[in-house]
Amino acid sequence: MKVGRGLFLIVLILGAAGPLYLLLKVSVSPSAEVMTPHPVLLPHAVTWRFWERVLASGQITALLWKSLGVASGGALLALAFAGPAAYSLAHTHLDHSAPGAPRPGGVRTPRLAVILGRIYAGHLSHPGSQDHAAASLLLSLSGKLV
Amino acid sequence: MADAWKVTPLVMLILLAGLQAIPRELYEAARTDGAGPWQQFWRITLPLLRPALTMAFIIRGVDAFRIFALPLALVGRHLPVLSTFAYVEYLEYGNPHTSAASSTLLLVMILMTVGAYLRLAGPEEVVQ
């Protein structure tokens with residue numbers, strides 16, 4: 001059991017760190033090591049030329065600020081849009097005594113959230129989607145709500 | 001703005017899950033003690049919703065850091081962000097090294113921002 005868990009952790013770490021390692025390696029390897037039919041896994045020579053070129057391009061500070069602005073602004077705007085919607089949905093009380101109203105335990109807000117969550121997560125979890133993490137989070141959330 | 005609208009359902013569902021996790025008894029007790037709707041919101045809803053808000057902000061923030069298709073499609077190169085810079089460096093200038101370097105910078109920026117936000121939000125939120 002412990003061996004299996006250890007192996008799983010190793011695979012998980014390699015799976016997560018592998019692409020990051022390749023990204024870092026490509027950024028510090030000379031072209032001869034990358035543009036070859038058989039690229040090596042460990043860098044034989046390290047060069048900071050490309051990092052210097054990026055940092056000396058004069059655009060990077062503006063780009064970083066713009067990325068930060070877009071990310072923070074986008075996140076805050078999304079919270080501003082979604083906050084009132086979620087609040088009103090969570091505090092919606094159906095009047096079950098009204099004629100034609102659904103029975104208690106029929107259509108409820110939590111069930112609606114579960115259905116919406118599953119539809120959204122189902123659409124997002126296809127291969128190549130950019131929101132795998134969010135999709136799996138939603139799936140787990142909707143599972144807890146049932 | 002377009003990106004914010006695009007992800008509003010996802011953020012709403014995260015916040016809705018957070019709101020539904022707040023026990024109703026707290027509101028009933030607050031009403032019994034004479035608390036009004038605003039007091040209930042500021043003293044119960046908002047503090048107990050903070051973990052969900054943190055999670056939504058971080059997921060949205062990380063996701064928004066790496067957008068490039070939307071600005072590229074909507075405004076072309078008039079709104080260059082770091083991810084579009086990496087994309088252009090790789091595809092148009094054929095330089096995977098500078099593209100990888102700028103992508104690594106983006107990763108560092110994301111990690112720093114998330115770390116700073118978690119530090120600001122407080123360690124108890126991380127534990128939750």
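How many salt bridges does the rule find across the interface of chain B and chain A?

Modeller: Across the interface of chain B and chain A the rule finds zero salt bridges, a salt bridge being a side-chain nitrogen of Lys or Arg within 4 Å of a carboxyl oxygen of Asp or Glu. Before going further, please keep in mind that this is a predicted model, in which local features need pLDDT of at least 70 and side-chain atom pairs count only at pLDDT 80 or more, while totals for chains, interfaces and linings use all residues. Residues are numbered from 1 along each chain as its sequence is written, chains are lettered from A and ligands numbered from 1 in the order in which they are written, and side-chain values use heavy atoms, with hydrogens and water left out.

The size of an interface is often given as the accessible area lost when the parts come together. Here chain B and chain A bury about 4,600 Å² between them, with 80% of that area on carbon and sulfur atoms; buried area is the accessible area, taken with a 1.4 Å probe, that two parts lose on being put together, summed over both. Counted by residues, 52 residues of chain B are in contact with 54 residues of chain A, where contact means heavy atoms within 4.5 Å.

On the side of chain B that touches chain A, at least two residues each come from helix 1 (2-20), helix 2 (24-32), helix 3 (37-65), helix 5 (82-91) and helix 6 (96-121) of chain B. Helix 1 of chain B supplies the largest share of that side, 16 residues. Helices (H or I, at least four residues) and strands (E, at least two) are DSSP runs, numbered from the N terminus.

Two residues let us see this meeting of chains in detail. Ser67(A) sits in helix 4 (residues 60-90) of chain A, and it counts as buried because its relative accessibility is 1%; buried means under 20% relative accessible area, exposed over 50%, and partly exposed in between, with a 1.4 Å probe and protein chains only. The side chain of Ser67(A) reaches the backbone nitrogen of Leu82(B) at 3.0 Å, and, not counting residues up to four places away in sequence, Ser67(A) touches Phe65(B), Val81(B) and Leu82(B). From the other chain, His97(B) belongs to helix 6 of chain B and is likewise buried, with a relative accessible area of 1%. If its neighbours within four places in sequence are left aside, His97(B) is in contact with residues of chain A that include Val26(A), Ser29(A), Pro30(A) and Phe50(A).

Helix 6 of chain B also holds Ile110(B), which counts as buried at 13% relative accessibility. Leaving aside neighbours within four places in sequence, Ile110(B) is in contact with Val62(B) and Phe65(B), and Phe65(B) is one of the residues that Ser67(A) touches.

As for the chains themselves, chain B has seven helices and zero strands, and buried residues make up 45% of its 128 residues. Chain A has six helices and zero strands, and in chain A buried residues make up 25% of 146. Among contacts between residues at least 6 apart in sequence, 54% in chain B join residues at least 24 apart, whereas in chain A residues 24 or more positions apart account for 15% of the contacts with a separation of 6 or more.

Apart from neighbours within four places in sequence, Leu41(A) is in contact with Tyr21(A) and Lys25(A). Ile10(A), in helix 1 (residues 2-28) of chain A, is partly exposed, with a relative accessible area of 49%.

Note on methods:
A polar contact is a pair of N or O atoms within 3.5 Å; within protein, one must be able to donate a hydrogen and the other to accept it, and residues adjacent in sequence count only if both atoms are side-chain atoms.
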